[in-house]
Structure formats: C-alpha cells, structure tokens
Amino acid sequence: MNDLDNQLPYLRLKSVSAQNTGIDETVDYLVKKFKSLGAEVKLFTEYQNPVVFASFKGQSDKTILFYNHYDVQPPEPLDEWHSAPFEPTQMDGRLVARGASDDKGELMSRLSVLSYFKNHGGFPCNLKFFVEGEEEIGSPDIEPYIKNHADELACDAMIWEGGGKNAAEKFQIITGTKGIASFDVSVETASTDIHSSLAGYVDNAAWRLVKGLASLTDTDHKILVDHFYDSVKPLDTYEQQVVKKLEAGFNGKATVANLGLVNGIATDHPMYEAMNQPTLTINGLSSGYEGQGIKTIVPRSAHAKLDCRLVPGQDPQESVELIQKQLIKNGFSDLKLHFNLGEPGFKTNLQDPFVQQNLSTAKQVYGDQNVVLVPNQPSGGPMLAFYNSVKAPIVAVGVRNANGKPHAPNENIRLRDYQQASVFLATLLSHYANH
C-alpha cells in the first residue's frame, strides 16, 4: 500500500497561505488527483482560498468525513534546511520537505489508501474530504464555509489531520484539540528614543513591557490572571486514567533530545499540562536598536507577540480581555493588547464507540502496548466548528513523529510511519464499514 512516489508532486507545490503563493496550482493538482481516483469534486470559492471538497460512494451507507489542509508554513529560515524545502528528499529513512508532517504527508497517506481501495474492489464506506487552504493563517473563513455547506458535510464520524507517534514511539489516537488566542502587546513611553545617559529618570519601554509580561505568570508557568481558569473543567475518572497512562509512558529523555531543550522538561506533569491546562507564551519581542554595533538609547516603544493555548470551554477573546484587565490591575495600563485571532478547543468523548474502534484497530496494527489514547493535542484547529455542524465524533490520526519538525526547517515524516499509518487507515475503514 506504499504509493508514496505517486504523491510526491504534492510536496513540490509552494502553497504558503501566509505569502499567498502556490494556492491556485495546489488546488488544481488536488482536483485532478481526486478525480483520477473516482471522486466527485467541488470547489467552495466564496472566500479567500478555495476548499477542495471530494466525495466517494462506498459499499456501506456509513459516511466518514476527512479534514486536511493544503497550505503550509513559510520555509524560512532557508539556511537551516539540509535540502531544498520544496524538493522532497529521502534521508536516513525520512522524507524531508515543507509540509511533509503538517499536513501534506497525511493527505498523501489517505490518497494512497484511496488508490488501494479503487484497485481492490472499491471503497468500503462513503468518504468525504474537506481540504482547506487557510489553516496556517488561523482558518479565518472556516465557520462560514462550514455553515454554507453543512448539508454536504453531513457524516457519521470525522477523521482529523494530525497524529502519529509520540517520543515514546506510541501511536496516538487523539480525540481533541486545544484552542488558541493570538494577540500583540505594545507600549510607548516617549515620543522619541532617548540618550541612555538619561535612563536614571526616564521610563524605558522595553523594561515596561518585560516587567508587565512577567507579572502574568509565576516561576512554575502558572498564569496569574484573575478568572483565567474559571472555565477549565476537571478531568473525569476515565480521562484521569488515560492521562495517568500517558504520564507513565512519557519519554522525557527523548523529548529533551528531539526538541533540543537546554533546561529539560519544565514540569513534573507534562501530559497533564498538555492535556488540561492553558498556556501563555511569548512568541517574540522587539524594542530599541538591534542592529550591528552599539547604539546607547532608551527605547521609546516595545512590542511583543503572544499566544495562549486554551482547553475546551475557554473563550479566546474573553481570555485576552482577562489578560488586559490583569495588566491594568498590576499597574501596567499603558500596555495595550490587540487581539489577532482565536479558535476554541474541542474534545470528543473518549468512550465514544468510534474512538474505541480506532483504539482497537490501532492495537491490531501496532500492537497492544504501542498505542495511546490522547484527549487533546496541544496544537489548535477548527474542530469545534465542524462538530457544531456535523455532531459526529472526531478523531485525529496520522503519519507524524515526535521529531517531525512541523513549522521548522527539515520538516519530515518517516517512511515506515507512512506505510504503517496507511495500513491502519485502510483497516479502520474496513472495520467501520462492516460493524
């Protein structure tokens, strides 16, 4: 079922939504590819980037809807790549290319499974594919797209993008995603930069910014914002058992090596934090003179980009508003927040029959001890928007690995993972159609 070579042209397409490049060429490629496999294909074109919607008639009346995205992150910094980012290259059992992990590789695997079924008796059940082109810029049009095409998206279950093996080499059945809130913070303390000899009695925008941001968390990364945790629900008994199993299997040494962590793991309970605790992250800071040589100034302004990863139930915009109120309370009313985008989290019931069928099928393919159930993936995605329309269980499975470097140079998937995940998906679809 390793049809990988036939899918490689997909990785050569520079479909970078943030730079508005390669979109039309990629849409055209997917339309032709789906049609060649026997699909009825439509384009949803009401908004910025088209959605490719493909449907296949199966031998069962059950219907599964797949979600993927064809856009990828910009490839920069280019000098850190070991090969050309848009030329798929095999290295040491890995396929390296921008989008290989997030998330073209997963659609490639699904296309390989479609090709297999097309040549071996037909599709076991009805299959639909919703492939969008705005995920890497926050899916700003996803909700109206879903609303406009709700009838066409009707299904009994959904399979999401994202998933694969963790650092302990366990295949993950992921049933939810965290939400996200992205925002900027800025402060001005003067109308111009000032000679640093006057630093004894003039305010410094850079210091104002870092002190204000530092007031929002403690040394254990807990968020010190009033009412921020009010919507965080405790895990139920089954979820606690699942997270406890994840903690027991967490490979801290491999995680440190894969991520290149200098100071090790920042908590004694990494899986609980990842599954059921929000985060507040500084993505970048800028202020004053950062060029070559010396320029001794007191900066007039400072800026930062931040995001929060939120658990299901937390509202993105409300979370940012709470942070602004806390800064005012802490004496930093001059730090102004600008909300960029947000997406709420979602979690399927872990005991849903479709979740359990994924779990049992994965154990059949990978082995009983090599599979874990994961309530939430730490990254975001528009799961809740789909659930509100289709009211069906959603599970994320895929071809990724813990050192796949999504969004980073040398993004990759492992060839053996691609083959295993394709076998798993084909087995799952057959089981689902017949039960």
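Modeller: One term before we start: buried means under 20% relative accessible area, exposed over 50% and partly exposed in between, with a 1.4 Å probe and protein chains only. Helices (H or I, at least four residues) and strands (E, at least two) are DSSP runs, numbered from the N terminus.

Colleague: And what are the ground rules for the model?
Modeller: It is a predicted model, where local features need pLDDT of at least 70, side-chain atom pairs count only at pLDDT 80 or more, and totals for chains, interfaces and linings use all residues. Residues are numbered from 1 along each chain as its sequence is written, and side-chain values use heavy atoms, with hydrogens and water left out.

Colleague: What follows α12?
Modeller: Lys-391, with a positive phi near 50°.

Colleague: Switching to aromatics: how many pairs are there?
Modeller: Rings of Phe, Tyr and Trp (its six-membered ring) pair if their centres lie within 6.5 Å; planes under 30 degrees apart are stacked, over 60 edge-to-face and the rest tilted. By that rule the count is 21 aromatic pairs. One of them is Phe-130 with Phe-386, edge-to-face at 5.0 Å centre to centre and 90° between the planes.

Colleague: Which parts does that pair tie together?
Modeller: Phe-130 lies in strand β6 (residues 126-132) and Phe-386 in helix α12, so the pair ties together parts 256 residues apart in sequence. Phe-130 and Phe-386 are both buried. Ring pairs also link them into a cluster with Phe-44, Phe-53, Tyr-67 and Trp-160.

Colleague: Last topic, the open sheet of four strands. What's the order?
Modeller: β13-β15-β11-β16, with antiparallel pairing; two strands pair if DSSP finds at least two bridges between them. The edge strands, each pairing on one side only, are β13 (279-287) and β16 (336-343).

Colleague: How many bridges join β11 to β15?
Modeller: There are 10 between β11 (residues 179-188) and β15 (residues 301-310). Asp-184, for example, has Lys-305 in β15 as its bridge partner.
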